[in-house]
Amino acid sequence: MAKSRHAVPDTTIRTLGPAKIGTPLRHPRYVDETRPLKLVMTSEELCELDNETMLLDFEKAGPREKLYFDPPKTKCAIVTCGGLCPGINDVIRAIVMESHYHYGIRTVLGIRNGLRGFIPKYGYDLKELTPQNVSSIHQFGGTILGSSRGPQDPGEIVDSLERMNVNVLFVIGGDGTMRAASAIVDEVERRRRKIAVIGIPKTIDNDINFITRTFGFDTAVEKATEAIQCAHVEATGMDMGIGLVKLMGREAGFIAAQATLAMQEVNFLLVPEEPFAFDGERGLLMAIERRLLHRGHALIVCAEGAGRDLLEESRRTDASGNVRLGDICGLLADRMKAHFAARNLEMNMKFIDPSYIIRSVPANAGDRVYCGFLGQHAVHAAMAGKTGMVVTQIKTSMAHLPLELVTSKRRYLNTDSDYWSSVMEATGQQNYFIAQ
Ligand code: ATP
Ligand code: MG
């Protein structure tokens, strides 16, 4: 393997102190901390490397024989932040069940409505989570704890953790939430407190650096294929029919690409990673026209962050400071109408935006299995005194990853890859961009 020109990412996991307490778990396979997971990471997994690979050590997830926290004296809390994603309730349930039944932890507190739940001025009650009251929550989408956006002071959050005597905080959320978790870890360390902070990364877009798979992605793809199927029926139901489906993917088009592979009827896929132009012989509008004249219908899937350079840069942000995206599908629809009208051609377009339906459904079986692993491993990590880290799947293994690595960079679709070539073969869109 060639020596890398790039700095080796630091995969060391912080601990609160030595683990000296015998675990109550009877487990045949405790993790041996002296034997890290050694994984060859490719340039696609470590977005910053150009066609390089790197051999990295990761800390393996799983139960440890010795714990830092004494289970009967340990108090945990769970908070969920950011947007909805299938599987959040499954993760909550897995954390509660693992804590109670396997470690004998007596108290798991649910913080209501995201980080706001820590702040007294909002006046939210705590929700004590027990095996009884979480037993069926995985059947529902959303989060039973509620969520919110908007910054909250890490100092006030740690004040609240101290008042509640919380030893372990589980934080479920997206990139913003993981930054908030980092800020909480810094504040805890500044105060020299022994509170473990464990993240469970949530992004339906599957666009986190290093992380092979985020929970909810598989469900999202499955639900997206239903919308694509409907749009296909609409498109083929009329001559010169166009089905346009908007899918999630603010920065990265993973859902749209994977759903396109699952539903090969898609003719045009637009993602943030691949810029396109509307006009000219080689532009999108002429390509759609050629497809319609050739086949009588067209099915277009557009990720919400596609074609950003074609929209006026939005200055509007949400409460957490995330830029509100412009409406690329609205613009595309307007441009198609104008194009076909100007050329005196018929066109019947149906637009489907399934985003909120996709976000709010319960997780599918594959995601449920994964959420179960995440919840269990989050508890194992916390009890061993790990902090400032997330649990996740890297390649085929469950591992610990420092929060800094998760928040440092985003993962994008590599449009110079075999995967993308397959996606493009599935759509056949390139054929229509070339005048015939
Ligand atoms: P998603 O992107 O899936 O909606 P998210 O976790 O990125 O999830 P945000 O609303 O951006 O959602 O952030 C969640 C919470 O984390 C918010 O309360 C936000 O204010 C807080 N947060 C975001 N960035 C930071 C940061 N750099 N420092 C401290 N808190 C932050
Ligand atoms: Mg975010």
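Author: A polar contact here is a pair of N or O atoms within 3.5 Å; within protein, one must be able to donate a hydrogen and the other to accept it, and residues adjacent in sequence count only if both atoms are side-chain atoms.

Reader: What does Asp-175 do with ligand 1, in Å?

Author: A side-chain N or O atom of Asp-175 sits 2.5 Å from an oxygen atom of ligand 1. This is a predicted model, where local features need pLDDT of at least 70, side-chain atom pairs count only at pLDDT 80 or more, and totals for chains, interfaces and linings use all residues. Residues are numbered from 1 along each chain as written, chains are lettered from A and ligands numbered from 1 in the order written, and side-chain values use heavy atoms, leaving out hydrogens and water.

Reader: Switching topic. Which residue does UniProt list for "active site"?

Author: Asp-205, in an unreviewed entry; positions follow the numbering used here, feature names are shortened, and annotations may be inferred rather than shown by experiment.

Reader: Is Asp-205 buried or exposed?

Author: Buried, because its relative accessibility is 9%. Buried means under 20% relative accessible area, exposed over 50%, partly exposed in between (1.4 Å probe, protein chains only).

Reader: What does Asp-205 touch?

Author: Leaving aside residues up to four places away in sequence, Asp-205 touches Phe-217, Met-248, Gly-249, Arg-250, Phe-254 and Ile-255. Contact means heavy atoms within 4.5 Å.
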